[in-house]
Amino acid sequence: MFLMRNEVRCERDFVTALGRPLLAARPLRAHTRAAQAEQLRIHWFSRRRLLPVVSAARGEGRTRLAVDLARQLAALGVRTLLVDADLHTPCLHQVFGLENRGGLVDFLAGREVRLAACAENLAVMVAGRPPAEPLEFLASPRLAPFLRASAAKFGAVLIDTPAAEHGPDLQIFAALAGGALVVARRRGADARALEGLRRSLRECSAQVVGILLRE
């Protein structure tokens, strides 16, 4: 049952719009990040390795959340890989002070790349120079084997994806992972956009792993 009004107002509304997640819908607060990472370690990464971070719209805080969770997981002793798969507006390289080259785009184009070791237990793959047609690169037969190999090497592979409003890019990663972690603005979120994200995840048989709400 979908929402009749356009604005989402409470945590129950988010669950109505997105469906019941594996983990509860929770506010995104700095002092709870370690607990959130531990919940994911126990309930998701104990049986799977890939987890894309997704949102309905731009500016929801996907990258910040992915970075924080990756650092928390690494601090818990989990070997973690953080991948910048936003080939529209990549920014992980800025967060970690890396050059945006030798990244995912380069790998999918057939070139060899190296992951950047950014902390103990934490490696990062930047996006590389944004291509004119991101979906053409993501359709590369090299993507799925790369993610499978990464899943075999790392205890957690977090993927920073483009917002759903950019198109079906995130579905590629959600389908391979079997689920996705949703981040959304707690105030002013658009119910129709969230319901569209829910349909996108359903189309690729991806479970909503958790819903984290940013103030």
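Me: Before we look at any helices, what is an axis, and how do angles between axes run?
Reply: An axis is a line fitted to C-alpha atoms, for helices over the stretch in contact, and angles run from 0 to 180 degrees between N-to-C directions. Keep in mind that this is a predicted model.

Me: Thanks! How do the axes of helix 8 and helix 9 cross here?
Reply: Helix 8 covers residues 169-177 and helix 9 covers residues 191-203; their axes come within 9 Å and cross at roughly 50 degrees. Angles of 65 to 115 count as roughly perpendicular and those under 35 degrees as roughly parallel. Helix 8 and helix 9 are therefore oblique to each other. As for handedness, the crossing in which helix 8 passes helix 9 is right-handed.

Me: Which residues make the contact?
Reply: Helix 8 contributes Leu-170, Gln-171 and Ala-174, while helix 9 brings Leu-197, Ser-200, Leu-201 and Glu-203. By type, the residues of this contact of helix 8 with helix 9 comprise four nonpolar, two polar and one charged.

Me: Let's turn to aromatic rings. How many aromatic pairs are there by the rule for ring centres?
Reply: Rings of Phe, Tyr and Trp pair if their centres lie within 6.5 Å, and the count here comes to one aromatic pair. Phe-107 and Phe-146 form that pair, at 5.0 Å centre to centre and with 45 degrees between the planes, which makes it tilted. Phe-107 sits in helix 5 (residues 104-108) and Phe-146 in helix 7 (residues 143-153), so the pair ties together parts 39 residues apart in sequence.

Me: Is Phe-107 buried or exposed? And Phe-146, buried or exposed?
Reply: Buried means under 20% relative accessible area. Phe-107 is buried, because its relative accessible area is 15%. Phe-146 counts as buried too, with 10% relative accessibility.

Me: Now the backbone. What is the phi of Asn-121, and where is this residue found?
Reply: Phi of Asn-121 is near 70 degrees, a positive value in a residue other than glycine. Look for Asn-121 in the loop between strand 4 (116-119) and strand 5 (122-125). Its relative accessible area is 28%, so Asn-121 is partly exposed.

Me: What about the phi of Ser-205?
Reply: Ser-205 has a phi near 55 degrees, again a positive value in a residue other than glycine. You can find Ser-205 in the loop between helix 9 and strand 8 (207-214).

Me: Is Ser-205 buried or exposed?
Reply: Exposed means over 50%. Ser-205 has 64% relative accessibility, so it counts as exposed.

Conventions. Residues are numbered from 1 along each chain as its sequence is written. This is a predicted model: local features need pLDDT of at least 70, side-chain atom pairs count only at pLDDT 80 or more; totals for chains, interfaces and linings use all residues. Side-chain values use heavy atoms; hydrogens and water are left out. Helices (H or I, at least four residues) and strands (E, at least two) are DSSP runs, numbered from the N terminus. Angles under 35 degrees count as roughly parallel, over 145 as roughly antiparallel, 65 to 115 as roughly perpendicular and the rest as oblique. A crossing is left-handed if the near helix is turned anticlockwise from the far one by less than a right angle, and right-handed if clockwise. Contact means heavy atoms within 4.5 Å. Ala, Val, Leu, Ile, Met, Phe, Trp, Tyr, Cys and Pro count as nonpolar, Asp, Glu, Lys and Arg as charged, and the others, Gly among them, as polar. Buried means under 20% relative accessible area, exposed over 50%, partly exposed in between (1.4 Å probe, protein chains only). Rings of Phe, Tyr and Trp (its six-membered ring) pair if their centres lie within 6.5 Å; planes under 30 degrees apart count as stacked, over 60 as edge-to-face and the rest as tilted.
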